[in-house]
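Here is a brief report on one chain.

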Amino acid sequence: MLRFFGKHALFMVVTLAAVSFIVFCMNEFSPGDVARKELGAYATQEQVELLNKKLGLDRPVLVRYVEYVGKLLSGDLGYSQRYKVPVSDIIFDRLKNTIFLAAISFSLIVPLSMLLGVVAGMREGSL
């Protein structure tokens, strides 16, 4: 039994790593320059290159991915360029509403599914 769970846990970790790398690369190779989008159309090439260097976009993709995974495993989710706050603050702010919605859904779905299961069990062989 332990071997079964170990094997599936290993497959899960490999799958998560592969999917995260694919998503990271898709984001990396999407059209457009991040620095140019942030600075706007009237920024000089020197300003764009300086922001690329500041953000670390001038380094190889694999190096940035390994750094990203290391920071992710240590709990550092980074800084949002859009909202200008740490990403963890954004996630935890929205997590309260998500948990509230999940609790309401759970409190409605569980009794309803139990009721429908009992009714289906009482009428065996019917639709």
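## Helix H3

Val48, Leu51 and Asn52 are buried in helix H3, residues 45-55. Buried means under 20% relative accessible area, exposed over 50%, and partly exposed in between (1.4 Å probe, protein chains only). Helices (H or I, at least four residues) and strands (E, at least two) are DSSP runs, numbered from the N terminus. Seen down the axis of H3, the buried residues fall within an arc of 105 degrees, so they line one face of the helix. That arc is taken over the directions from the helix axis to the C-beta atoms. An α-helix has 3.6 residues a turn, so residues three or four places apart point the same way.

The buried residues of H3 pack against helix H2 (34-39); contact means heavy atoms within 4.5 Å. Glu46, Leu50, Lys53 and Lys54 are exposed on the face turned away from the buried side. Just after H3, Gly56 takes a positive phi of about 80 degrees.

## Basis of the model

The model is predicted: local features need pLDDT of at least 70, side-chain atom pairs count only at pLDDT 80 or more, and totals for chains, interfaces and linings use all residues. Residues are numbered from 1 along each chain as its sequence is written, and side-chain values use heavy atoms, leaving out hydrogens and water.

## Whole chain

The chain has five helices and zero strands. Its C-alpha atoms fill a box of roughly 75 × 40 × 30 Å along the principal axes. Of the 127 residues, 10% are buried. Among contacts with a separation of 6 or more, 33% come from residues 24 or more positions apart.
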